[in-house]
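Open the model in a viewer and keep the selection tool at hand.

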Amino acid sequence: LIDEAKALADAGTKELILIAQDTTNYGMDLYGKLRLPELLDALCEIDGIEWIRLLYCYPDKITDELLETMARQPKVLHYIDLPLQHADDKILKAMNRRGDNAYLRETIARIRNACGSDFSIWSGNDDQIVPVMSLGGQGVISVLSNVRPKETIAMCEAALDGDFDTASDLQCKLLPLIDALFCEVNPIPVKEAMKLIGYDCGNCRLPLCKMTDGNLLRLRAALE
């Protein structure tokens, strides 16, 4: 990996993106222990590389050593892509995923404490916008905003202003629509929702299929 990174730097590459099925698990197969912090230190020594970005890091393997390395090394961007498939404890258990909602919130707080306020935290779940922003998040990578952009912006702006009463009211008001937008595999519901509000964005491609009649009625009611 180091030799490949050096070759990329020699060819003019400025940014390295580290990604794997579980990037934080680097080292376990070869050395029997987590060695991502060591890899980051070595990559930071390469002349010409200016930025290093981490993608797909599971929360349960984000160690204090990794966070210390990220805080110490200026080339390592204060950015982590966390694959949080869901924020509901029952769903996480059914999916056989590690951790729970409380652990995810604790992980976000640990990252923020280690790397400071310039570390960007964005919710990836529309039903968790306000909880994440209450821990220092900057906003959301949103599905909801495709059909309710003004309300989503208002919610985020209220949270950024510290008005969590208004932000929470909007979050709760929008939860039925958010639930309907995720009652089937994304992006099936949001495509149907866009059609219902007058924007024909086409059909999903296989293996995705049309929304079921029952869920389409639920979505239509949530949009009204």
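Two strands count as paired if DSSP finds at least two bridges between them. The model on screen is predicted.

**Stop 1**

Next select residues 51–54, which form strand 2. How many bridges join strand 2 to strand 3? There are 2, and the two strands run parallel. Within this part of the sheet, pick Leu54 and look across to strand 3, where Ile80 stands opposite. Strands of a sheet pair through backbone hydrogen bonds, either parallel or antiparallel.

**Stop 2: Asp22**

Move to the loop between strand 1 and helix 2 and select Asp22 there. Is Asp22 buried or exposed? Its relative accessibility is 15%, and because buried means under 20%, Asp22 counts as buried.

Now show side chains around Asp22. The side chain of Thr24 is joined to that of Asp22 by a polar contact of 2.5 Å. A polar contact of 3.3 Å links the side chain of Asp22 with the side chain of Lys61.

**Stop 3: the cavity**

A search of the whole structure finds 1 cavity of 30 Å³ or more, and the space in the largest cavity is about 30 Å³. What kinds of residue make up the lining of the largest cavity? It divides into 4 nonpolar, 2 polar and 1 charged.

**Stop 4: the second largest pocket**

Clear the selection and pick Leu1, Leu18, Ile19, Tyr26 and Leu39. Of the 20 residues that line the second largest pocket, these lie nearest its centre. To see where the lining comes from, colour helix 1 (2–10), strand 1 (15–18), helix 2 (28–31) and helix 3 (36–44), the elements that each give two or more residues to the lining of this pocket.

The volume of the second largest pocket is about 370 Å³. Colour its lining by residue class to finish: 14 residues are nonpolar, 3 polar and 3 charged.

Notes: Residues numbered from 1 in each chain as written. Predicted model: local features only at pLDDT ≥ 70, side-chain atom pairs only at ≥ 80, totals over all residues. Heavy atoms only, no water. 1 Å grid on protein atoms, 1.4 Å probe; cavity = no way out; pocket = protein on both sides within 12 Å on 5 of 7 lines; lining within 4 Å. Points joined across faces, edges and corners; volume = space filled by probe spheres on them. Nonpolar A, V, L, I, M, F, W, Y, C, P; charged D, E, K, R; others polar. Helix = DSSP H or I, 4+ residues; strand = E, 2+ residues; numbered from the N terminus. Buried < 20%, exposed > 50% of the residue type's maximum accessible area, 1.4 Å probe, protein only. Polar contact = N/O pair within 3.5 Å; in protein donor to acceptor, adjacent residues only side chain to side chain.
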